[in-house]
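Student: I am new to this structure. Please take me through one part of it closely.

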Amino acid sequence: MTSPEAKRMWRRAIKEHFNCQCVYCGETYELHELTLDHVRPKCLGGEDLTSNLVPSCRKCNQDKGSNNWLQWMRETFGHTTRENLILSHIN
Ligand SMILES: [Zn+2]
């Protein structure tokens with residue numbers, strides 16, 4: 001994973017794996033509109049691995065910040081089936 005092109009393809013594959021949806025709010029976006037969110041924040045030791053990265057719109061990414069994702073998600077959206085999508089991705 002050294003060339004910028006390889007990195008770009010990798011990031012794209014993660015977004016496409018989730019059908020270009022923000023995993024938090026469930027909205028569909030264009031590839032370029034989605035960011036990749038660290039499920040476990042970098043500041044808490046989260047790594048740059050596929051299993052720690054999910055597509056997120058800018059708003060959710062910003063709102064979530066370094067909060068615990070599950071807690072934040074439930075407070076913001078209530079219980080949703082998207083929790084399971086994330087859980088199966090990170091485990
Ligand atoms: Zn979102």
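Student: How are the donor residues of the zinc ion spaced in sequence?

Tutor: Keep in mind that this is a predicted model. The donor residues of the zinc ion follow the spacing C-x2-C-x31-C-x2-C. The protein donors are Cys22, Cys25, Cys57 and Cys60. Each gives its SG atom, and these donors lie 2.3 Å from the zinc ion. Now look at the angles. The four donor atoms subtend 101 to 117 degrees around the zinc ion, so the arrangement is tetrahedral. Four donors count as tetrahedral if all angles lie between 85 and 135 degrees.

Cys22 sits in the loop between helix H1 (4-17) and strand E1 (34-38). Cys57 belongs to strand E2, residues 53-57. Cys22 and Cys57 are 35 residues apart, and the pair links distant parts of the chain.

Then move on to the helices. Helix H3 (residues 69-77) packs with helix H4 (residues 82-90) at an angle of about 165 degrees. Their axes are 11 Å apart. The angle makes H3 roughly antiparallel to H4. Among the residues making the contact are Trp69 and Phe77 of H3, and Ile86 and Ile90 of H4. The contact residues divide into seven nonpolar, no polar and three charged.

Terms used. Residues numbered from 1 in each chain as written. Predicted model: local features only at pLDDT ≥ 70, side-chain atom pairs only at ≥ 80, totals over all residues. Heavy atoms only, no water. Axes fitted to C-alpha atoms, helices over the stretch in contact; angles between N-to-C directions. Helix = DSSP H or I, 4+ residues; strand = E, 2+ residues; numbered from the N terminus. Parallel < 35°, antiparallel > 145°, perpendicular 65-115°, else oblique. Contact = heavy atoms within 4.5 Å. Nonpolar A, V, L, I, M, F, W, Y, C, P; charged D, E, K, R; others polar. Donors = N, O, S within 2.8 Å, 3.2 Å for Na, K, Ca; no water. Tetrahedral: all angles 85-135°; square planar, octahedral: opposite > 155°, others 65-115°.
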